[in-house]
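Thanks for coming. I'll show one model and talk through a few of its features. Please have a look at it first.

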Amino acid sequence: MATQKLRNFVVVAEELNLSRAAPRLFVTQQALSKQLRDLEESLGVRLFDRSTRSMALTSAGEAFLASVRETLAALDAGVAAARSAGRKMSGTVRLGFLMGGALELTTPILAAFSAQCPDIRLELRETGLDDPSAGLADGSSDVAIVRLPLDLPDLDWVPLFVEPLVVALPPHHRLADRTGLTAEDVIDEPLVVGRTTDTVWRRYWTLDDQRGGHPPDDIRETTTPTEELQLVAAGLACSITVAGAQRHTPLAGVRYIPLTGVPGSTVAVAWRRGSRSPGAKQFAAVARQVRDRETEIVRALETPPA
């Protein structure tokens, strides 16, 4: 029985809703539904009671869930121990990240990596908005916590969560009293973007895909999130940013309005394909374990702001 099916079962059992579980698992609802049917057929029992409006665990499903959680926890611990002992990895892993990293998921990832790989020295390197690859582009990082998309064709990554977008506005702006905004509401506004040569990154944060082929008229460039917010607070521009900015970089004079109809920002652990650092791939493996374990944190990070 594939362990991924078991992990997917746990997430569905927590959500009791396929439309919420599928994005967390980065699969379609149809594929997830088929996996559940296959799992029930292989067990010979029904795990969920389903209707058009609700979904609930059966008594067999509840018993199976408890056992699966114990089994996966033991398996993850065994895999980590075997990898650590078998590879006897040591040396240094250079971890790049943008401001905020993986937000509330950062600390448990770093703690788990330190516990599982005590002989590896982890060097943290924060980069500005001029390098959204967080050191992967120039090779100054072995692995990085980044926000996709990036203009690096040889990139491998493990997605951690998808964060909703917001628009940062000065309080006196004509849109500041709205409860929600769309791309059409803000594409004609002056926008702030990182001073980078990564055109894929710039297109995403300036909403180019929502402009119908018309380039933006007024773009202000900055190197740090602090510079970005100061421009917004001064009323010189608006910013397309993420929901976590309101928690992690609050600034008097800036309002955050949810942005709808635009794909959220995917936070991922990434490395260059063909990387010679085994520690980089081990860091990604640990990050995946933490992502799958810390479901409440992931759910909170992916919840749109009120």
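The largest cavity has a volume of about 30 Å³. A cavity here is a set of points, on a 1 Å grid over the protein atoms alone, where a 1.4 Å probe fits but cannot get out. Points are joined across faces, edges and corners, and the volume is the space filled by probe spheres set on them. Counting cavities of 30 Å³ or more gives one.

This is a predicted model, where local features need pLDDT of at least 70, side-chain atom pairs count only at pLDDT 80 or more, and totals for chains, interfaces and linings use all residues. Residues are numbered from 1 along each chain as its sequence is written, and side-chain values use heavy atoms, with hydrogens and water left out.

Which residues line the largest cavity? They are Leu98, Met99, Gly101, Ile145 and Arg147, where lining means having an atom within 4 Å of a point. By class, that lining has three nonpolar residues, one polar and one charged, with Gly counted as polar and Arg as charged.

Next, domains, with bounds from an automatic or database assignment. Domain 1 is 3-85, domain 2 is 87-162 + 265-302, and domain 3 is 165-258. The centres of domain 1 and domain 2, over C-alpha atoms, are 26 Å apart.

Last, a sheet. Six strands form an open sheet in the order 8-12-7-11-9-10, with mixed pairing. Strands are DSSP runs of E, at least two residues, numbered from the N terminus, and two of them pair if DSSP finds at least two bridges between them. Strand 8 (181-182) and strand 10 (219-222) are at the edges with a single partner strand each, so one side of each has no neighbour in the sheet. Strand 8 runs parallel to strand 12 (residues 255-260), joined by two bridges. Thr182 has Thr260 in strand 12 as its bridge partner.

Technical notes. Helices (H or I, at least four residues) and strands (E, at least two) are DSSP runs, numbered from the N terminus. On a 1 Å grid over the protein atoms alone, a cavity is a set of points where a 1.4 Å probe fits but cannot get out, and a pocket is an open set with protein on both sides within 12 Å along at least five of seven lines; lining residues have an atom within 4 Å of a point.
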